[in-house]
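This briefing is meant for a reader who is meeting the structure for the first time. Please look over the sequence and the model below before reading on.

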Amino acid sequence: MNELLKLDKVSKKYPKFYLNNVSFSIKKGQIVGFIGRNGAGKTTTLKGIMNLVHFDSGTVYAFGKNMRDTELEAKQKIGFALSEINYYPNATIKRLTDVTKKFYKNFDQDKFDKLCKLFKLETNKKLEELSSGMKVKYSLAIALSHDAELLILDEPTSGLDPISRDEILDIFLSLVKDKERAILFSTHITSDLDKCASDIAYIHEGEIKYDGTKKDFINAYFLVKGDTNEFSEELKEKFISFKEYPDHLEGLIEAKDKDYFLKNNVEVKAPDLEEIMIYLERKDRHEDFTL
């Protein structure tokens, strides 16, 4: 079974938000970056996979089986961590771990101890004494210690210093090297995706707008920059969205329109993930801050 996770048209309706027919899949060997602005539906989707939020419709398949029918079995093979843990703040890390590990048949205490050493986690400390970054490291240590085949992580590098983030990303790459595991993680840190993601799932206002390789996602766009007076109204209509600065204009275009802009002698270059995200989100909604 190469497909470890599949979401088939899952939906969830709230009074002011609608997760609408979300579908994507995760295969062995993939590191999938789940991206989108705050409130787009990332955390709701991840919680729904783990049945912490109940989807109104649609189906989640884990390891080829309906997650609803095999939840306990599936969760033994999934390492799940939210962005920050806040339960039992007065309990020590050791005490929390002694309780948590009872839920996993394959919990490896030696592996957990090694991860604590790597992450510089002091197990005698109380949860409330840990920084946000150290709480993330603890969640990861638990998730990585029961031989999970699939890791589902919400903002796993949030709050970490650059060196610790780099260590975590190296661990991700090593985990999928044998093509037997996969990782799905949400993030706002696009440089993390540049370093380790193989695929992208992009969600916008509750709907999946892209699901595929990172390479294809980036190659679908170009960034255009030039003096404002170089852009006619006809050219501006070709932009997905753009920004006007005091001395120049910059925007995102679809790759198919590249030659059209080159003929008009403006700068065209490959964008990075952060630039794509910014301009895609500006397309439908952007706050205009004026004082």
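## Aromatic rings

Phenylalanine 239 has a relative accessible area of 8% and is therefore buried (buried means under 20% relative accessible area, exposed over 50% and partly exposed in between, with a 1.4 Å probe and protein chains only). This is a predicted model, in which local features need pLDDT of at least 70 and side-chain atom pairs count only at pLDDT 80 or more, while totals for chains, interfaces and linings use all residues. Residues are numbered from 1 along each chain as its sequence is written, and side-chain values use heavy atoms, with hydrogens and water left out.

**Ring pairs**
- Rings of Phe, Tyr and Trp (its six-membered ring) pair if their centres lie within 6.5 Å, and planes under 30 degrees apart count as stacked, over 60 as edge-to-face and the rest as tilted.
- By this rule there are eleven aromatic pairs.
- The ring centres of phenylalanine 231 and phenylalanine 239 are 5.6 Å apart with the planes at 55 degrees, so this pair is tilted, and phenylalanine 231 is buried at 5% relative accessibility.
- Tyrosine 260 and phenylalanine 261 have ring centres 6.3 Å apart and planes at 70 degrees, so they form an edge-to-face pair.
- Tyrosine 260 is partly exposed at 30% relative accessible area, whereas phenylalanine 261 is buried at 0%.
- Phe231, Phe239, Phe242, Tyr260 and Phe261 form one aromatic cluster.

**Charges over rings**
- The charged end of lysine 13 sits over the ring of tyrosine 18, 5.8 Å from its centre (the rule asks for NZ of Lys or CZ of Arg within 6 Å of the ring centre and within 35 degrees of the ring normal).
- Lysine 77 lies over the face of phenylalanine 63, at 5.0 Å from the ring centre.
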